[in-house]
Amino acid sequence: MHVKPLTPADLALAASLLVLLGLLSWRLRLGLAKNLAIAAARTTVQLLLIGHILRLLFAHVHIVYMALISLVMLIAAGREVMARQQRRVSGLQGWLIGSGAMFLSSFTVTFLALTVVIGNEPWYAPQYAIPLLGMLLGNTMSGVAVAMDRMTETLWRERRVVEQRLLLGQTAAEAVGEIRRQAIRSGMTPIINSMATAGLVSLPGMMTGQILGGSSPMDAVQYQILIMFLICAGTGFGAIAAIRGVERRLFDGRHRLRLDALQTADEEQRP
Amino acid sequence: MPNLEISNLCFQHRGPYAFRIAGGECVGLAGASGAGKSLLLRALADLDPRTGVMQLGDVNADTVTGPQWRRLVGLLPAESGWWLDRVGEHFADFAAIDEQTLAAVGFDRSVQDWQVSRLSTGERQRLAIVRLLANGPQCLLLDEPTASLDHDAAARVENLLLRYGADRQAPMLWVSHDPAQLERVSRRGLRMESAGLLVDAGGAGDAR
């Protein structure tokens, strides 16, 4: 069974919908037309590019190529995590917290799944490794970004209360406990919700793709369950690691709240 | 009785500051808004990065953890923070608070179950003082402790704080914009100049 290949005309038809939406957004003065155009263009270019890269990778299976492309994906995800935070830990360290957390969780979980669960030969076969890593990184990225953003934003907004608690002799961990829990929860909630509604409300993207590609629904479902579990684990561990990192950076050894380690998205360096 | 001895204290391009407050002594701290009085208190509580030596009795700030030091030197911030729903939840053990302290600031035990969101600014301030004293600090750093209180309540708070200081022989640093209050509570004063310079303001009423 083969997928019906799409012609450029098919894609152009879909694109015309976006043009319509852009016109409407211009009429309603949503100020989104430009963002929409840029995002649509990026999707097209990036996906075409990755299509070519995957074709090359499938033809030349080598662990060094895999390591390289994983690194590129991780760096891109790390940048995205930084960009999604209103107030972020400044400098290289902020980047390292997000990327480190994603590396720890996504890569470990992907590696585990590839070697133990799927058990392909070689384990880094790109047909499995790249989509898996991509899906894990993509979801972990969202979770880590949401959790870190929530953590820094709440600490900024509630600094008076946090410092009051420190003044009463609480340790940094005590003073920040509830904020930390909320941040981790907000990072994990989306994936927990999507596990709860999977199949009922939405058919997950990968499963849809597999069915479109001709797999039997049961095969697709089993892979989807695997993926959901991996994503949930990856997101949870990633969010926890990232929040630990933020906490370590925003409190010093004397249990002081160091908001001077934050910078806002629009200023590169605070005066 | 523990003395508070500060030498070479520098923070945020300010200082060095050096002064000494004897146990049981209350020193007034005056100065224009924005001169850095609150910053000085924050540095004394080790809430901001700083260098220099801070010694309370035989405890050097650098030999204990930040939280331990902050329990020893009680800082009452100008605006108190509350994070749970009810007043009593903010105390390690509300039952241990003695009736007299509560009565001195115009409350009784029932305040334990009051909703924090319904407290007035003055009520928060008075309860913040009870909460601070419940920690049993050996030194008091007070940032305008009566700013949000009416004349009557202010007088009662002054009494409560001075009695605590006298009972425990605690050094006290009292920030106020009210010269009459500083004259009542302290016999010696410091003044924060706008450049962040800390000068001796002499005894209250003393032209020096």
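Me: Which does A:R29 count as, buried or exposed?
Reply: This is a predicted model, in which local features need pLDDT of at least 70, side-chain atom pairs count only at pLDDT 80 or more, and totals for chains, interfaces and linings use all residues. Residues are numbered from 1 along each chain as its sequence is written, while chains are lettered from A and ligands numbered from 1 in the order in which they are written. A residue is buried if 20 or more other C-beta atoms, placed from the backbone, lie within 10 Å of its own, exposed if 12 or fewer, and partly exposed in between. A:R29 has 8 C-beta neighbours inside 10 Å, so A:R29 counts as exposed.

Me: Where is A:R29 placed in chain A?
Reply: Its phi is near 55°, a positive value in a residue other than glycine. Helices (H or I, at least four residues) and strands (E, at least two) are DSSP runs, numbered from the N terminus. On that numbering, A:R29 is in the loop between helix 1 (8-27) and helix 2 (33-59) of chain A.

Me: Is A:H255 counted as buried or exposed?
Reply: A:H255 is not a glycine, yet has a positive phi of about 60°. The residue sits in the loop between helix 9 (217-250) and strand 2 (262-264) of chain A. Because A:H255 has 23 C-beta neighbours inside 10 Å, A:H255 counts as buried.

Me: What is omega at the cis peptide bond between A:E121 and A:P122?
Reply: A:P122 lies in the loop between helix 4 (91-118) and helix 5 (126-157) of chain A. The cis bond joining A:E121 to A:P122 has an omega of about -5°.

Me: How far apart are the C-alpha centres of the two domains, domain 1 and domain 2, of chain A?
Reply: Chain A is divided into domain 1 (1-60) and domain 2 (61-264), with bounds from an automatic or database domain assignment. The C-alpha centres of these domains are separated by 26 Å.

Me: Which helix gives the largest share of the side of chain B that touches chain A?
Reply: Two residues are in contact if their C-beta atoms, placed from the backbone, lie within 7 Å. By this rule 17 residues of chain B are in contact with 14 residues of chain A. The largest share of the chain B side is 4 residues, from helix 2 (residues 66-72) of chain B.

Me: Which residue is the bridge partner of B:E5 in strand 2 of chain B?
Reply: Two strands pair if DSSP finds at least two bridges between them. Strand 1 (residues 4-11) and strand 2 of chain B pair in the antiparallel sense over 5 bridges. In strand 2 of chain B, B:E5 is bridged to B:R20.
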